[in-house]
Amino acid sequence: MATIRLGDKAPDFTADSSMGTLNLYDYLGDSWGILFSHPADFTPVCTTELGTAANFKPEFDKRNVKMLALSVDGAASHNEWIKDINEVQNTTVNFPIIADEDKKVSDLYDMIHPNADNNLTVRSVFIIAPDKTVKLILTYPASTGRNFYELLRVVDSLQLTAYHKVATPANWEHGQDVVVSPAISTDDAQEMFKKGITEVKPYLRMTPDPTA
């Protein structure tokens with residue numbers, strides 16, 4: 001079973017889904033991606049999550065992030081479940097749900113944790129950059145639903161720090177001040193960040209969000 005770490009290439013795969021056969025790399029193209037797994041179809045927490053994910057899709061679209069869910073049940077089951085999700089969450093599920101009955105993708109991404117459950121996936125989240133490297137891995141127990149505001153916040157941080165020499169502090173949200181990379185001298189930082197630098201400590205320099 002694979003162990004995936006940050007910076008690794010996301011394993012490619014081809015699988016059936018609620019929207020037909022899908023190849024991961026082809027589906028993502030040059031976009032960012034978020035792959036999140038669900039323990040099983042017709043489960044209560046997953047029903048709320050997938051409805052919430054559908055409602056958040058416009059926000060992920062704005063950030064050039066393609067969404068992709070997975071459950072160990074089949075595509076026909078997924079499509080029946082989607083009817084329930086759309087009804088009870090007053091939404092339209094508008095992204096594919098991978099059918100993983102043989103657990104091929106679950107094993108590839110180490111989504112089954114035997115000490116939690118031998119057959120069902122935990123709630124895994126993988127954020128994948130356009131170069132297909134894994135930038136974030138989160139693992140929730142089956143009993144805890146995900147916070148999609150946090151997933152958007154992480155995407156904002158990943159995209160900002162991918163293109164600017166900054167890091168984001170605790171509880172940061174888009175538009176708030178960011179941390180200057182420790183690898184940059186204060187003199188260089190003052191040249192680089194025209195909005196100014198605040199030196200809290202020699203190792204902790206803040207600057208306004210360069211994209212805000």
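The domain assignment divides the chain into domain 1 (8-146) and domain 2 (164-208), the bounds being taken from an automatic or database domain assignment. The C-alpha centres of domain 1 and domain 2 are 35 Å apart. The model is predicted, so that local features require pLDDT of at least 70 and side-chain atom pairs are counted only at pLDDT 80 or more, while totals for chains, interfaces and linings use all residues. Residue numbers start from 1 along each chain as its sequence is written, and side-chain values use heavy atoms, with hydrogens and water left out.

Helices (H or I, at least four residues) and strands (E, at least two) are DSSP runs numbered from the N terminus. An open sheet is formed by 4 strands in the order β8-β9-β11-β10, with antiparallel pairing. Its edge strands, each pairing on one side only, are β8 (166-167) and β10 (198-201). Two strands are taken as paired if DSSP finds at least two bridges between them. Between β8 and β9 (residues 178-180) there are 2 bridges, and these strands run antiparallel. A167 is placed opposite V179 of β9. In general, strands of a sheet pair through backbone hydrogen bonds, either parallel or antiparallel.

Nonpolar cores were examined next. A nonpolar core is a set of buried Ala, Val, Leu, Ile, Met, Phe, Trp, Tyr and Cys residues joined through side-chain atoms within 4.5 Å. Buried denotes under 20% relative accessible area and exposed over 50%, with partly exposed in between (1.4 Å probe, protein chains only). The largest nonpolar core has 29 residues, of which I34, F36, L50, F60, F95 and I127 touch the most other members. At least two residues of this core come from each of β3 (32-38), α2 (44-62), β4 (65-71), α3 (75-89), β6 (123-128), β7 (134-140) and α5 (148-163). Apart from this core lies another, of 17 residues, including I4, F13, L22 and L28. With neighbours within four places in sequence left aside, I34 is in contact (heavy atoms within 4.5 Å) with F60, V65, K66, M67, L68, V125, F126, I127 and L151. In soluble globular proteins, nonpolar side chains tend to be buried together.

The structure contains 9 salt bridges, a salt bridge being a side-chain nitrogen of Lys or Arg within 4 Å of a carboxyl oxygen of Asp or Glu. One of these joins E59 and K62, with the closest N and O atoms 2.9 Å apart. Both residues belong to helix α2, where E59 and K62 are separated by 3 residues, about one turn of the helix. E59 counts as partly exposed because its relative accessibility is 27%, and K62 counts as exposed because its relative accessibility is 64%. E59 also forms a salt bridge with R63, the closest N and O atoms again being 2.9 Å apart. R63 is buried because its relative accessible area is 18%. A further salt bridge links R63 to D156, with a distance of 2.6 Å between the closest N and O atoms. D156 counts as buried, at 15% relative accessibility. Through shared partners, salt bridges join E59, K62, R63 and D156 into one network.

H38, in strand β3, counts as buried at 0% relative accessibility. Its side chain makes a polar contact of 3.3 Å with the side chain of E49.

E150 is partly exposed, its relative accessible area being 27%, and the side chains of E150 and R153 are joined by a polar contact of 2.7 Å. E150 and E173 are 23 residues apart in sequence, with a C-alpha to C-alpha distance of 9.5 Å. S157 counts as buried, at 14% relative accessibility. The side chain of S157 makes a polar contact of 2.7 Å with the side chain of T168. When residues up to four places away in sequence are not counted, S157 touches T168 and W172.

Methods:
A polar contact is a pair of N or O atoms within 3.5 Å; within protein, one must be able to donate a hydrogen and the other to accept it, and residues adjacent in sequence count only if both atoms are side-chain atoms.
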